[in-house]
Number of protein chains: 4
Amino acid sequence: MKKLWQTNGGLHPTVEKYTVGRDYIVDMHILPYDLQGTAAHVKCLKAAGVLDEKESQALLGGLEEISRLHKAGEFSISVEEEDCHTAIENYLTGKLGDLGKKVHTGRSRNDQVATAVRLLTKDRLAKAGTAVKVLQEALESLAKKADGMIMPGYTHAQRAMPLSVPVWVRAHVASLRDDLTLVEAAMSLSDHCPLGSAAGFGSPVALDRELSAGELGFAMVEENTLYCQHRGKAEAAAAFAMSTVSATLGKLATDLLLFTMREFGFFSLPSEFTTGSSMMPNKKNCDVFELVRGNSAVVLSRQQAIQELSRNLMSGYNRDYQLLKEPLIEALDTTLGSLEVMAVVVENLVPSEQKMKEACSEDIYLTEECYKAVARGVPFREAYMMIKSGRSRKFWR
Amino acid sequence: MKKLWQTNGGLHPTVEKYTVGRDYIVDMHILPYDLQGTAAHVKCLKAAGVLDEKESQALLGGLEEISRLHKAGEFSISVEEEDCHTAIENYLTGKLGDLGKKVHTGRSRNDQVATAVRLLTKDRLAKAGTAVKVLQEALESLAKKADGMIMPGYTHAQRAMPLSVPVWVRAHVASLRDDLTLVEAAMSLSDHCPLGSAAGFGSPVALDRELSAGELGFAMVEENTLYCQHRGKAEAAAAFAMSTVSATLGKLATDLLLFTMREFGFFSLPSEFTTGSSMMPNKKNCDVFELVRGNSAVVLSRQQAIQELSRNLMSGYNRDYQLLKEPLIEALDTTLGSLEVMAVVVENLVPSEQKMKEACSEDIYLTEECYKAVARGVPFREAYMMIKSGRSRKFWR
Amino acid sequence: MKKLWQTNGGLHPTVEKYTVGRDYIVDMHILPYDLQGTAAHVKCLKAAGVLDEKESQALLGGLEEISRLHKAGEFSISVEEEDCHTAIENYLTGKLGDLGKKVHTGRSRNDQVATAVRLLTKDRLAKAGTAVKVLQEALESLAKKADGMIMPGYTHAQRAMPLSVPVWVRAHVASLRDDLTLVEAAMSLSDHCPLGSAAGFGSPVALDRELSAGELGFAMVEENTLYCQHRGKAEAAAAFAMSTVSATLGKLATDLLLFTMREFGFFSLPSEFTTGSSMMPNKKNCDVFELVRGNSAVVLSRQQAIQELSRNLMSGYNRDYQLLKEPLIEALDTTLGSLEVMAVVVENLVPSEQKMKEACSEDIYLTEECYKAVARGVPFREAYMMIKSGRSRKFWR
Amino acid sequence: MKKLWQTNGGLHPTVEKYTVGRDYIVDMHILPYDLQGTAAHVKCLKAAGVLDEKESQALLGGLEEISRLHKAGEFSISVEEEDCHTAIENYLTGKLGDLGKKVHTGRSRNDQVATAVRLLTKDRLAKAGTAVKVLQEALESLAKKADGMIMPGYTHAQRAMPLSVPVWVRAHVASLRDDLTLVEAAMSLSDHCPLGSAAGFGSPVALDRELSAGELGFAMVEENTLYCQHRGKAEAAAAFAMSTVSATLGKLATDLLLFTMREFGFFSLPSEFTTGSSMMPNKKNCDVFELVRGNSAVVLSRQQAIQELSRNLMSGYNRDYQLLKEPLIEALDTTLGSLEVMAVVVENLVPSEQKMKEACSEDIYLTEECYKAVARGVPFREAYMMIKSGRSRKFWR
């Protein structure tokens with residue numbers, strides 16, 4: 001099957017296989033957004049007089065058909081088609097003949113891909129924002145469940161001072177609050193519409209870029225056509241936001257892996273949230289926490305892929321950018337998965353006030369004693385030294 | 001010399017050397033901010049009735065003395081003191097006796113360090129914001145200098161279509177605009193005051209946290225005391241913002257390394273901006289661009305250090321966080337250096353309209369020809385195929 | 001469908017979906033190696049007297065059946081089965097009843113996975129070694145094709161001195177030679193057999209570990225059972241070796257992207273190795289080089305994923321290790337793809353002696369002139385300064 | 001002060017500051033190796049007839065003087081000199097006049113730096129190899145101290161099965177064994193001598209490259225002159241080896257941070273190996289383990305810096321390579337520091353057999369019970385299910 005740019009002769013099969021890569025699979029995620037972008041482009045072409053009303057309706061109808069087929073799982077991209085853009089144009093041409101060929105007027109795959117990727121990013125970031133709030137609520141109800149409970153606070157992985165359990169829970173809520181700031185910043189970078197910038201040098205057709213941007217829900221047009229092809233920054237911002245969300249989840253998971261150890265027992269999980277071992281009948285494992293922790297590394301590495309891929313490339317489209325899509329989608333979807341599972345699991349965490357109390361050994365109250373001495377007028381550093389060398393000795397065996 | 005936490009006995013020398021690391025050097029950057037934070041803490045202690053007016057004045061005077069000494073290059077941190085916090089307390093105690101010991105009442109090195117690091121971060125991010133704007137202006141005046149000039153736009157590292165030189169310049173301006181959004185988001189994460197959270201479990205002294213936050217210019221108090229010790233997120237956001245700025249500069253440098261090659265000659269630099277070779281008398285090298293490009297990798301790796309260091313650590317202070325300071329400061333200061341040098345160099349870039357014109361070969365106007373056919377009613381894809389297989393053939397040797 | 005470790009009740013569906021992740025897809029790559037590992041384990045069980053000859057034959061027959069089905073594309077792993085280990089055991093039990101259940105005697109999924117992953121790694125590294133040599137030969141024949149040709153050598157991205165084209169080609173051959181050293185080191189780390197270490201604490205069945213290691217072609221048994229579960233090091237070594245190979249290819253691709261630019265024209269590619277643009281009929285792009293360059297970043301980031309995933313985890317199996325498989329396989333297979341395509345493309349590169357000659361401007365011979373002065377007794381630094389300030393001036397416009 | 005390549009005019013001060021960067025500091029580490037390399041070069045120049053015996057002796061004497069001054073802390077590199085190469089040449093010229101200028105005949109800073117960096121790398125890798133063996137011995141004596149002790153083995157961070165403490169210790173010994181394989185591979189990449197390759201295009205003076213390589217203890221000459229400037233691969237291999245060593249130490253530290261928690265108490269440290277808190281008199285912290293863990297992230301990020309810096313750069317020297325030195329040295333020296341401190345600390349670890357015994361709860365022996373059933377002829381999977389649903393229930397609260 002012919003590519004959009006092909007005349008005669010074909011690509012060497014090894015080259016074709018390598019350049020297509022996994023695009024025909026990855027692009028199944030991009031497809032719905034490319035349909036939206038293409039529909040907006042059709043409306044611009046009509047407004048520009050390139051298409052008449054009837055042509056425009058026929059093309060929009062064709063795009064809707066593809067959307068229906070895709071939702072029903074009946075649309076696929078062949079390896080030969082290479083990407084969703086060719087697959088869409090092939091479908092339209094197959095159905096509408098010459099008219100199908102007109103859909104690409106005034107645009108390039110460059111602005112087409114950039115637009116679809118930004119729509120996908122905005123969609124996923126919005127979902128992530130919502131999922132963060134759902135998790136914050138789940139944590140808030142855990143904090144209420146643990147109202148009044150005290151556990152040891154740790155520094156240097158050693159018991160330090162008494163810690164209110166709700167304060168521990170709400171530290172993660174505060175962390176998610178900061179994550180939301182970064183999600184919003186990422187959203188704002190993806191909220192500039194690249195459609196109409198064509199290959200990066202503007203379109204020879206006079207397209208109303210405000211029209212397509214508005215149609216697609218972008219906050220504004222990205223005026224600089226070349227900057228639309230400085231790919232990687234908006235992607236990096238989105239992946240970084242996901243990476244910080246994942247880091248928050250990873251820290252919560254790390255805490256919970258420790259606190260659900262038998263040596264602590266501060267929290268436990270009902271058995272439908274734990275797994276066993278194929279060899280050891282005694283095991284009850286909190287795999288979710290391990291995978292959430294592990295996925296924080298995976299998401300971080302996908303962010304790194306994006307930052308490294310786009311570093312040190314000249315202005316204008318470079319084919320390297322094709323490789324941005326996969327790590328971006330994986331960073332977004334992995335984080336969404338981690339958010340979802342943590343909300344479910346946090347809802348079902350069972351705190352054990354008894355175990356926490358047992359762990360609050362006498363030594364964690366010594367700082368308080370220092371301050372009783374301070375209240376009697378002893379300089380802090382002296383009170384500290386006194387208590388440290390005298391009283392506290394017995395705790396240090 | 002004794003550490004703040006030492007009673008009797010000392011650390012094993014190998015352990016002491018390893019745990020101090022480069023802190024006594026790195027902390028020279030932290031010192032001015034620790035002085036500010038300590039002054040605010042003294043005011044809180046006075047408001048809380050722990051210090052009287054005279055004591056407070058004496059301590060503030062001592063802090064100002066250290067500041068003067070530091071500015072004059074006459075204050076240093078010894079290896080034995082380990083960090084700026086001990087050095088400050090030692091100075092105050094040496095000068096004011098027991099009163100000096102009182103300064104640490106109600107706080108921990110944990111909130112002390114976190115506060116100083118955030119003050120440093122805010123300061124540097126503000127400088128970066130300003131430096132970005134200075135560079136944007138330098139680019140804007142380059143765009144004006146190049147008004148009306150055309151060079152080939154490149155895709156896939158091959159000549160593609162005609163590109164207005166000011167559009168090329170302003171693509172970098174737009175990139176810096178997006179960077180500023182990330183700088184601001186980073187600023188907002190560092191704008192929550194951790195002072196008064198002590199070791200992460202609150203202070204036994206009733207400190208007015210609004211007072212110290214206001215005194216230090218923070219937008220708000222970080223209410224959750226434990227979250228003040230979820231270190232790494234604010235640092236990562238700042239380093240990420242620096243990394244995206246550095247990536248913008250790196251792309252500009254990559255373009256300019258290409259465009260100043262003799263094979264292009266689109267731009268040149270006066271000789272006070274270029275270097276030579278110790279062996280080849282003919283060389284005139286644009287080292288600045290190479291180092292700006294290279295430093296974009298360095299800053300990226302420092303951001304990665306921060307993200308990796310803080311991943312997968314339990315709640316509460318972990319000593320690993322000590323290692324965050326160096327990559328953070330390096331990410332900030334390296335980026336500031338790159339911004340500064342690029343502003344100077346961009347101001348002095350000399351565009352060669354002649355060389356650009358020569359590079360605008362006939363082939364880059366073929367897309368325009370396609371669209372002339374489109375204007376005559378030919379579907380785009382057909383016009384494209386016609387021109388590609390016929391006319392354009394001669395350009396492909 | 002039941003997991004190997006399940007009794008009653010099931011996993012919460014969100015947890016199940018999250019913990020399975022993409023394992024049922026990724027494990028299709030692992031399956032053939034797990035079949036080998038399982039066959040070796042069956043032989044050990046027979047040697048240990050746990051299975052009799054007939055049982056052993058029946059099980060080996062079952063494993064061969066699965067292998068045949070898999071090669072014919074008729075074996076799949078269901079989402080419920082989660083991984084290839086369960087799928088294999090299910091198949092054997094479905095066919096052989098209670099006997100199928102016996103196959104897991106004396107082992108754990110932990111040593112089973114570790115064994116299969118090492119077999120896969122060794123296989124792919126061996127293929128990479130071969131592919132490196134094939135590429136070295138392709139480069140060698142390019143060097144011969146370019147015998148006697150001279151092009152400018154570049155430093156600081158500026159013409160420096162004359163460079164023999166075969167020397168340029170063979171620099172990449174030498175780079176691949178170093179890569180092979182790292183491939184071999186990686187191979188040696190994966191060449192220790194973990195089978196028989198069970199969950200990391202040894203097997204209660206007296207298994208002859210030498211037997212299974214020999215059967216599977218491992219150089220030796222990994223004696224320390226717990227170390228068999230220090231996962232990530234052998235994977236990191238393999239990914240690092242792939243990353244250095246990819247970096248060599250990336251540098252070659254970077255050179256060729258430059259040298260195939262119209263501004264250089266030192267090399268060109270026949271059209272079956274280049275692609276076009278969907279909008280610009282004039283384009284002839286060397287996408288392969290861009291993707292090889294981009295994939296060097298992808299492979300690097302997959303190596304980083306492995307190193308970050310396994311950092312900072314306690315001894316013994318952690319579920320995070322499940323996430324090692326995908327980046328490992330991707331690092332290996334992406335590099336193999338890049339090696340293959342570069343061998344094909346290098347074979348077909350066309351050097352242009354004419355263009356290279358034109359680029360050898362007079363200035364690149366100045367160092368030689370210096371040395372003529374040196375030969376007449378002038379100290380080098382003086383000759384350099386003389387020529388630089390006098391003669392060379394004209395080249396610096 | 002003049003640079004080696006300077007004629008008239010000077011660099012713009014902002015450009016000078018930026019391009020010098022921290023080189024004048026970093027190069028203090030490089031200096032001793034540059035002295036070695038320069039001495040070898042002098043011998044080659046003499047063999048080539050460029051220098052006579054007297055000149056050669058004078059220059060070698062000068063180099064030895066610098067070496068003595070450096071060891072006594074009396075040699076420094078000024079900011080204006082920029083690097084150790086200029087500082088050395090300045091010293092020689094100051095002392096020997098015109099003869100000093102002759103030392104640079106036939107070489108470039110490019111081969112000079114590459115040689116010095118490889119000598120430094122080989123030296124540090126050799127030290128690392130020795131330090132690894134010292135740590136292995138320390139672990140071996142810990143294993144002997146713990147002979148016969150049993151602690152719970154953990155999987156999924158949950159108690160799994162009984163684990164011999166010496167097996168736990170020796171898992172880390174085995175990990176260091178694999179690290180040594182990678183240290184050796186790294187060593188072999190740095191063992192090819194670049195001296196004599198000049199700027200990458202060979203030297204116009206007929207230098208006996210075997211002579212200098214032998215003089216400096218390199219295993220062989222790097223024949224391909226251009227490949228000598230494919231910088232970054234040998235550095236990456238060294239940093240990767242350090243990174244895997246650091247990962248081994250990090251895992252040991254992670255284990256020990258857990259096992260020294262009061263909740264475990266399996267090991268403890270004498271107080272000269274622990275630190276306290278400035279606020280909490282009760283604290284006894286194992287900061288060394290936290291910093292070793294943290295430094296595994298730092299070393300990893302320095303490895304990433306090297307790999308990212310050198311990715312995607314064209315053949316021939318690029319100034320970006322200047323930035324390789326700092327992360328390389330830091331990766332090497334940080335790892336050496338971690339090795340040294342861990343050897344000391346491991347020597348002093350005190351295992352508590354009592355605490356370990358108490359932690360060996362009944363449930364970790366259930367797998368053994370399964371196998372007793374297997375020995376009576378029950379298929380493994382059935383025995384597992386029986387024990388899991390019956391007997392084991394009580395352990396799961």
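Contact here means heavy atoms within 4.5 Å. With that in hand, let's start where chain C meets chain D: 88 residues of chain C are in contact with 89 residues of chain D. Keep in mind that this is a predicted model. Chain C also touches chain B, with 48 residues of chain C in contact with 47 residues of chain B.

- The area buried between chain C and chain D comes to about 7500 Å².
- Carbon and sulfur atoms give 63% of that area between chain C and chain D.
- Six salt bridges are counted between chain C and chain D.
- Look for R177(C) and E222(D), which form a salt bridge with their closest N and O atoms 2.7 Å apart.

**Where chain B meets chain C**

- Chain B and chain C bury about 4400 Å² between them, and 51% of that is on carbon and sulfur atoms.
- The salt bridge count between chain B and chain C is four.
- R262(B) and D363(C) meet through their side chains in a salt bridge, at 2.9 Å from N to O.

**Salt bridges across the model**

- Side chains of opposite charge can pair when their charged atoms come close.
- Over all chains, the count comes to 104 salt bridges.
- Over in chain A, K43(A) forms a salt bridge with E215(A), and the closest N and O atoms are 2.7 Å apart.
- K43(A) sits in helix 2 (residues 23–47) of chain A and E215(A) in helix 8 (residues 209–215) of chain A, so this pair ties together parts that are 172 residues apart in sequence.

**Helix 9 and helix 10 of chain C**

- Two packed helices are described by the angle between their axes and the distance between the axes.
- Helix 9 (residues 233–259) of chain C packs with helix 10 (residues 287–310) of chain C at an angle of about 160°, and their axes are 8 Å apart.
- Because angles over 145 degrees count as roughly antiparallel, helix 9 of chain C is roughly antiparallel to helix 10 of chain C.
- Helix 9 of chain C and helix 10 of chain C have a left-handed crossing.
- The residues in the contact of helix 9 of chain C with helix 10 of chain C split into 14 nonpolar, seven polar and three charged.

**Helix 2 and helix 4 of chain C**

- Helix 2 (residues 23–47) of chain C and helix 4 (residues 84–96) of chain C pack at an angle of about 55°, with axes 9 Å apart.
- That angle makes helix 2 of chain C oblique to helix 4 of chain C.
- The crossing of helix 2 of chain C with helix 4 of chain C is right-handed.
- On the helix 2 side of chain C you'll find D27(C), I30(C), L31(C), D34(C) and L35(C), which meet C84(C), H85(C) and I88(C) in helix 4 of chain C.
- By class, the contact of helix 2 with helix 4 of chain C has five nonpolar, one polar and two charged residues.

**Helix 2 and helix 11 of chain C**

- Helix 2 of chain C also packs with helix 11 (residues 325–348) of chain C, at an angle of about 50° and with axes 10 Å apart.
- Helix 2 of chain C is thus oblique to helix 11 of chain C.
- Helix 2 of chain C passes helix 11 of chain C in a left-handed crossing.
- D23(C), V26(C), D27(C), H29(C) and I30(C) in helix 2 of chain C meet K325(C), E326(C), I329(C) and D333(C) in helix 11 of chain C.
- The contact of helix 2 with helix 11 of chain C has three nonpolar, one polar and five charged residues.

Conventions
Residues are numbered from 1 along each chain as its sequence is written. Chains are lettered from A and ligands numbered from 1 in the order in which they are written. This is a predicted model: local features need pLDDT of at least 70, side-chain atom pairs count only at pLDDT 80 or more; totals for chains, interfaces and linings use all residues. Side-chain values use heavy atoms; hydrogens and water are left out. Axes are lines fitted to C-alpha atoms, for helices over the stretch in contact, and angles run from 0 to 180 degrees between N-to-C directions. Helices (H or I, at least four residues) and strands (E, at least two) are DSSP runs, numbered from the N terminus. Angles under 35 degrees count as roughly parallel, over 145 as roughly antiparallel, 65 to 115 as roughly perpendicular and the rest as oblique. A crossing is left-handed if the near helix is turned anticlockwise from the far one by less than a right angle, and right-handed if clockwise. Ala, Val, Leu, Ile, Met, Phe, Trp, Tyr, Cys and Pro count as nonpolar, Asp, Glu, Lys and Arg as charged, and the others, Gly among them, as polar. Buried area is the accessible area (1.4 Å probe) that two parts lose on being put together, summed over both.
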